[in-house]
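Subject: Structure for you to look at

Hi,

Here is the structure I promised to pass on. Please open it alongside this note, and I will walk you through what turned up.

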Amino acid sequence: MTLYQQCEQLLDELEQVLDACDLLQSEPPSPKRLASREPFAVDTLDCHEWLQWIFIPKMRALVVARQPLPRNFEIAPYVEEAMKEQQGATAVVKVTYRIDALLTQ
């Protein structure tokens with residue numbers, strides 16, 4: 001399985017976990033909230049919103065276009081801290097650690 005296929009599979013899994021935890025939203029945040037310049041859009045979005053509306057779509061676009069994927073980054077520590085009080089956080093964090101591991105190879 002290629003790196004792109006593995007990444008796509010993990011993005012699908014992340015989306016499924018967010019859905020299973022009732023964290024997926026049917027309506028996107030306003031363009032103003034999505035336009036944050038802060039890392040992880042911490043000033044305008046909750047972590048699960050950032051994952052759904054920014055991280056997953058941007059990563060999928062890279063996969064589909066077969067563009068270079070980001071390397072040696074970590075989102076899991078942020079997700080773990082930001083979601084520590086949220087229902088379903090453990091499952092979401094597990095998938096994000098797997099994404100980090102994949103893209104750190």
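A word on one term before we start: a residue counts as buried when its relative accessible area is under 20%, and as exposed when that area is over 50%. Please also keep in mind that this is a predicted model.

Let me begin with helix H3, where the list of buried residues includes Cys47, His48, Glu49, Trp50, Leu51 and Gln52. Further along H3, Ile54, Phe55, Ile56, Met59 and Val63 are buried too. What do the buried residues of H3 pack against? Their partners are H1, H2, H4 and H5.

Next comes helix H1, which covers residues 3-20 and so has 18 residues. From its first C-alpha to its last, H1 reaches 25 Å, close to the expected 26 Å. Its buried residues are Cys7, Leu10, Leu11, Leu14, Val17 and Leu18. Viewed down the axis of H1, these buried residues fall within an arc of 125°, so they line one face of the helix. On the face of H1 turned away from the buried side sit the exposed residues Gln16 and Ala20. The cover over the buried residues of H1 includes helix H3 (47-65) and helix H5 (89-102).

Finally, a few backbone angles to check in your viewer. Just after H1, Asp22 has a positive phi of about 60°. Ala41 is not a glycine, yet its phi is positive, at about 50°. You will find Ala41 in the loop between helix H2 (31-34) and H3. Is Ala41 buried or exposed? Its relative accessible area is 2%, which is under the 20% cut-off, so Ala41 is buried.

Arg66 belongs to the loop between H3 and helix H4 (76-82). With a relative accessible area of 47%, Arg66 is partly exposed.

Best wishes

How values were computed
Residues numbered from 1 in each chain as written. Predicted model: local features only at pLDDT ≥ 70, side-chain atom pairs only at ≥ 80, totals over all residues. Heavy atoms only, no water. Helix = DSSP H or I, 4+ residues; strand = E, 2+ residues; numbered from the N terminus. Expected span 1.5 Å × (residues − 1). Buried < 20%, exposed > 50% of the residue type's maximum accessible area, 1.4 Å probe, protein only. Arc of directions from axis to C-beta. Contact = heavy atoms within 4.5 Å.
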